[in-house]
Amino acid sequence: METEILKRLLMDRALGGLSPDVEALLAAYLERDAAPAARGREFELAANRTRQVLRQAQPMTLPPFPAARVQALDRGRRRLILLRNVAGIAAALVLGVGLGAGLDQRLAAHRTTSASALSPPVLVVARTGAEATDSAGFWSAQRLYEQACDTKGTHAAQLIWDSPVKAPRLGGKS
Amino acid sequence: MDEATTRLETLYRDVGPGLLAYLRRCCREPQAAEDLLQETFLGAARRIERLLKAVSPRAWLYAIARNVAVTHLRRRRPTRPMPADIAATAPTAASDELEPVRRAIAELPEPLRETLELRLGADLSYAEIAEVLEIPVGTVRSRLHHALQRVRAAAVTDPE
């Protein structure tokens, strides 16, 4: 085995950083070679003494768990989460209402524009001779025109009938 | 008491003694170390969701403790404690044998000493140390190797 790799393995073993499989393989290897085994023992000694120095017993009492402060923090955290959720819902509502209102305004504007662009169908009837009136029959537009003119006592140029549910009216003069 | 607080209290009982020892080594003041330990757990309580999701809650607590200690040391004095502080702590009857090792540890550069302390003092795994110090595992291994070689030089020359 390469010396440098072996040295790293020996140090890792002393530090307790080897997996059990690798450790077993290394132990088997060291049984056949005394020199690296001695070096390994030196690393073990150094690690053990370091452990001793770092873990030297000092009188130590664990202070009580700060339960009251932790619970106060927890309450504060819960309150914050609740506030955050409420704020989120409020923001969503404001956004929704705002968008809805904006959309409604745009739709209303669109409806007005469409309504003015699409004027209702107008039936325009020109005045014709009396013979035509006779031939047109009871349901003819000409008869309706004549009737409207008689009611108003005047002769208009047009008869405007823009809705099937409303009576026809007279339009502009000729 | 809810589940998170109970979990935190269990961790306090399990990891608390090791953390207290670590904080004592960091700041050298027993009273301050106790305060820092409580501060560490309050810090953990503030970010309890992260603690519950942490792969190694122990490593996460050590990371908080380390930050708390560093902040404390910065506030207290502008420099880190002198490495010789370790040599001055806790002399025992067996300290003759350990004296060269203690001195060697004290003379280690701060990153090496800190890594060695976390491995052999706090018994954290390489991966946990990497998490605490926010460095790659390879760097942890390399620091530990350098530190151990220096300590070994002192330990083997020690007359037995």
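**View 1. Order of the secondary-structure elements in chain A of the predicted model**. Read from the N terminus, the elements of chain A follow the order α-α-α-α-α-α-β-β, which amounts to six helices and two strands.

**View 2. Helix 2 of chain B, residues 30–46**. With 17 residues at 1.5 Å a residue, helix 2 of chain B should span 24 Å, and the distance of 24 Å between its end C-alpha atoms agrees with this. Because 12 of its 17 residues are buried, that is, under 20% relative accessible area, helix 2 of chain B is largely enclosed by the rest of the structure. Among the buried residues are Leu36(B), Leu37(B), Phe41(B) and Leu42(B), together with Glu34(B), Gln38(B) and Thr40(B); the buried set also includes Gly43(B), Ala44(B) and Ala45(B).

**View 3. Helix 9 of chain B, residues 137–157**. The 21 residues of helix 9 of chain B should span 30 Å at 1.5 Å a residue, and its end C-alpha atoms, 30 Å apart, agree with that expectation. Buried positions in helix 9 of chain B include Val140(B), Leu144(B), Leu148(B) and Val151(B), and Arg143(B), His145(B) and Arg152(B) are buried as well. In general, an α-helix has 3.6 residues a turn, so residues three or four places apart point the same way.

Notes: Residues numbered from 1 in each chain as written. Chains lettered and ligands numbered in written order. Predicted model: local features only at pLDDT ≥ 70, side-chain atom pairs only at ≥ 80, totals over all residues. Heavy atoms only, no water. Helix = DSSP H or I, 4+ residues; strand = E, 2+ residues; numbered from the N terminus. Expected span 1.5 Å × (residues − 1). Buried < 20%, exposed > 50% of the residue type's maximum accessible area, 1.4 Å probe, protein only.
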